Amino acid sequence: YNINCQYNKYLKDRIASSIYLSIPIGMDIIPGICLWHVHGHQDSCYVWYASNFIYGTGRIDAEIMETLWVPLN
């Protein structure tokens with residue numbers, strides 16, 4: 001989730017070269033990075049991968065476990 005900007009670059013190639021994996025026809029994979037993490041990336045990652053700009057993405061806090069750890073550190 002935090003590395004989608006890099007991982008997604010060759011995802012389709014890796015899946016195509018696998019005998020075990022395939023992407024169904026008509027399925028679009030839209031990579032995203034949770035807002036908690038996207039601000040730690042390059043500025044260009046924000047506009048491409050922030051959930052604010054992905055159509056149909058809901059507003060959720062997908063990082064609840066990490067925010068709960070803060071008081072414990």
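Good morning, colleagues. Please keep in mind throughout that the model is predicted.

I begin with the overall architecture. The secondary structure consists of five helices and zero strands, and the order along the sequence is accordingly α-α-α-α-α. The protein has 73 residues, of which 21% count as buried. Turning to contacts, if one takes those with a sequence separation of 6 or more, 45% of them join residues 24 or more positions apart.

What does the interior contain? The largest nonpolar core is made up of six residues, namely Cys 5, Ile 33, Val 38, Cys 45, Tyr 49 and Ala 50. As general background, nonpolar side chains in soluble globular proteins tend to be buried together. Within this core, I would draw your attention to Tyr 49. Leaving aside residues up to four places away in sequence, Tyr 49 touches Asn 4, Cys 5, Pro 31, Gly 32, Ile 33 and Ile 54. Two of these partners, Cys 5 and Ile 33, are themselves listed in the core.

I now move to the surface. The protein exposes about 6,200 Å², and carbon and sulfur atoms supply 60% of that area. Which residues form a nonpolar patch on the surface? They are Ile 19, Tyr 20 and Leu 21, and together they present about 440 Å² of accessible area. Ile 19 sits in the loop between helix 2, residues 11–16, and helix 3, residues 35–38. Is Ile 19 buried or exposed? Ile 19 counts as exposed because its relative accessibility is 74%, and the threshold for that class is over 50%.

Ser 22 is classed as exposed, with a relative accessibility of 62%. Ser 22 lies ten residues from Lys 12 in sequence, and the C-alpha to C-alpha distance between them is 8.8 Å.

Next, the aromatic residues. A search of the whole structure returns one aromatic pair. That pair consists of Tyr 46 and Phe 53 in an edge-to-face arrangement, with 5.3 Å from centre to centre and 90° between the planes. How accessible are the two partners? Tyr 46 is partly exposed, at a relative accessible area of 24%. Phe 53 is also partly exposed, with a value of 48%. Both assignments follow because the partly exposed class runs between the buried limit of 20% and the exposed limit of 50%.

Finally, I come to the loop between helix 4, residues 43–49, and helix 5, residues 64–69, where Tyr 55 is placed. Tyr 55 counts as exposed, at 83% relative accessibility. Tyr 55 and Ile 30 are 25 residues apart along the chain, and their C-alpha atoms are separated by 9.7 Å. Thr 57 is likewise found in the loop between helix 4 and helix 5. Thr 57, however, is partly exposed, with a relative accessible area of 35%. From Thr 57 to Gly 32 there are 25 residues in sequence and 9.7 Å in space, C-alpha to C-alpha.

Thank you for your attention.

Methods: Residues numbered from 1 in each chain as written. Predicted model: local features only at pLDDT ≥ 70, side-chain atom pairs only at ≥ 80, totals over all residues. Heavy atoms only, no water. Core = buried A, V, L, I, M, F, W, Y, C linked by side-chain atoms within 4.5 Å. Buried < 20%, exposed > 50% of the residue type's maximum accessible area, 1.4 Å probe, protein only. Contact = heavy atoms within 4.5 Å. Helix = DSSP H or I, 4+ residues; strand = E, 2+ residues; numbered from the N terminus. Areas by Shrake-Rupley, 256 points an atom, 1.4 Å probe, with all protein chains shown as cover. Patch = residues over 30% accessible without salt bridge, like charges linked within 9 Å, V, L, I, M, F, W, Y side chains within 5 Å. Salt bridge = Lys/Arg side-chain N within 4 Å of Asp/Glu carboxyl O. Phe/Tyr/Trp six-rings, centres within 6.5 Å; stacked < 30°, edge-to-face > 60°.
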